[in-house]
Amino acid sequence: MNVSEVMDIDSGGFNSTKLEVGDKITIQKMNVKKVESIGEDVAEFKTVDGERHSFAKTIVGQARSEKWNDLVEKCLEKDASDGLNAWVVEKTAEGTGRPMLALSWFPPKP
C-alpha cells in the first residue's frame, strides 16, 4: 500500500504528477528530497513531458543510484533534447511478497 492511500499528502508542494504502473517516462534529471511534513523522501524527475514524482522506496533508491544518474547523463551527452527511457513497473518484494513500484529500462512484457 502506498503512503498516499492512507495519508493525505499535500500536493500543493508538487508541481508534478505522481508515477503510476505502466507509465513510460524519458528522464532528463532526477533527484531526491525530504518532505518535512511527512518525514519521507520523494524522488523527483524532470522528463521530456514534464515533472513527475514518487514516494516508492525502490524508485527513491533508483533516483539516488549513481548508475541511473550516469546513464541519464550519458543519454543527454548524446542528445540534450532526449533522455533515458524508463517504464514504471510493479515487482514483488522478495522479503514480504508485496507489490512495489520500480523503474525498468525495458518495456513490460505483454
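Here, exposed means over 50% relative accessible area and buried means under 20%, with partly exposed in between. Everything in these views comes from a predicted model.

**View 1. Lysine 57 reaches glutamate 40 in a salt bridge.** The closest N and O atoms of the two are 2.5 Å apart. Glutamate 40 sits in strand 3 and lysine 57 in helix 1 (residues 57-64), so this pair ties together parts 17 residues apart in sequence. Lysine 57 comes out at 58% relative accessibility, so we call it exposed, while glutamate 40, at 29%, is partly exposed.

**View 2. Arginine 64 and aspartate 41 pair up through their side chains.** This is another salt bridge, at 2.4 Å from N to O. Here helix 1 supplies arginine 64 and strand 3 supplies aspartate 41, so parts 23 residues apart in sequence are tied together. Arginine 64 is exposed, with a relative accessible area of 51%.

**View 3. Lysine 33 meets glutamate 44.** Their salt bridge spans 3.5 Å, N to O. Lysine 33 belongs to strand 2 (residues 24-35) and glutamate 44 to strand 3 (residues 40-47), eleven residues apart. Glutamate 44 is buried at 18%, whereas lysine 33 is partly exposed at 34%. The structure has four salt bridges.

**View 4. Histidine 53 touches serine 16.** A 2.7 Å polar contact joins the two side chains. Histidine 53 lies in strand 4 (residues 50-54) and, at 10% relative accessibility, counts as buried.

**View 5. A patch of negative charge lies on the surface.** Its members are Glu66, Asp70, Glu73 and Glu77. Glutamate 73 is part of helix 2 (residues 66-78) and is partly exposed, at 47% relative accessibility.

Methods
Residues are numbered from 1 along each chain as its sequence is written. This is a predicted model: local features need pLDDT of at least 70, side-chain atom pairs count only at pLDDT 80 or more; totals for chains, interfaces and linings use all residues. Side-chain values use heavy atoms; hydrogens and water are left out. Patches are made of residues with over 30% relative accessible area and no salt bridge: like charges are joined within 9 Å, nonpolar side chains (Val, Leu, Ile, Met, Phe, Trp, Tyr) within 5 Å. Accessible areas come from the Shrake-Rupley method with a 1.4 Å probe; for residues, only the protein chains shown count as cover. Lys and Arg count as positive and Asp and Glu as negative; His and the chain ends are not counted. The place of a charge is taken as NZ of Lys, CZ of Arg, CG of Asp or CD of Glu. Helices (H or I, at least four residues) and strands (E, at least two) are DSSP runs, numbered from the N terminus. Buried means under 20% relative accessible area, exposed over 50%, partly exposed in between (1.4 Å probe, protein chains only). A polar contact is a pair of N or O atoms within 3.5 Å; within protein, one must be able to donate a hydrogen and the other to accept it, and residues adjacent in sequence count only if both atoms are side-chain atoms.
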